[in-house]
Amino acid sequence: MQLNTTLIRQLRADKGWTQQQLADICNLSLRTIQRVELHGIASLETSKALAVAFAIERQQLQQEDPIAEQQAGHYAVPVWVPAVTFIAGLLVGPLLLFILNR
């Protein structure tokens, strides 16, 4: 599950908690909190624990960062693109070799 890293860091900072304190409050490991704040990746259980700690609805944590959305969209390649490229190479490659060797 993808969480809003900026919001989580801001909520933690507003409460004056360190990452370790948040981990203790949520009964999670420090590494889990670090991963959530860095990458926004969390399990359902982790997102529920964070929502309870911050006294907000879990869905509020799921809002994407505009930058994260842009980065995700920037690198996303539809599955069909490499497949079509491969097939085109199979079809056009021999034709080009034939033309070049004439």
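What percentage of the 102 residues of the chain count as buried? After that, please take a close look at helix H4 (residues 44-54).

A: Happy to. This is a predicted model, so local features need pLDDT of at least 70 and side-chain atom pairs count only at pLDDT 80 or more, while totals for chains, interfaces and linings use all residues. Residues are numbered from 1 along each chain as its sequence is written, and side-chain values use heavy atoms, leaving out hydrogens and water.

To your first point: 25% of the 102 residues count as buried, where buried means under 20% relative accessible area, exposed over 50%, and partly exposed in between (1.4 Å probe, protein chains only). The chain has seven helices and zero strands, giving the pattern α-α-α-α-α-α-α along the sequence. Helices here are DSSP runs of H or I with at least four residues, strands are runs of E with at least two, and numbering goes from the N terminus. Among contacts (heavy atoms within 4.5 Å) with a separation of 6 or more, 64% link residues 24 or more positions apart.

Now to H4. Thr 46 sits in this helix and is buried, at 8% relative accessibility. Leaving aside residues up to four places away in sequence, Thr 46 touches Leu 28, Thr 32 and Val 36.

Further along H4 comes Phe 54, which is buried too, with a relative accessible area of 4%. Phe 54 stacks on Trp 17, with 6.0 Å centre to centre and 20° between the planes. Rings of Phe, Tyr and Trp (its six-membered ring) pair if their centres lie within 6.5 Å; planes under 30 degrees apart are stacked, over 60 edge-to-face, and the rest tilted. The count comes to one aromatic pair. Trp 17 lies in the loop between helix H1 (5-15) and helix H2 (19-26), so the pair ties H4 to a part 37 residues away in sequence.

The whole structure holds one salt bridge, meaning a side-chain nitrogen of Lys or Arg within 4 Å of a carboxyl oxygen of Asp or Glu. Glu 37 and Arg 12 form this bridge, with their closest N and O atoms 2.5 Å apart. Glu 37 belongs to H3 and Arg 12 to H1, so parts 25 residues apart in sequence are tied together. Both partners are buried: Glu 37 at 4% and Arg 12 at 15%.

Finally, a word on confidence. pLDDT is the predictor's confidence in each residue, from 0 to 100; the chain averages 87, and 86% of residues score at least 70. Among the elements, H2 has the highest mean (97) and helix H6 (residues 66-75) the lowest (55). Where pLDDT is low, the predicted coordinates should not be read in detail.
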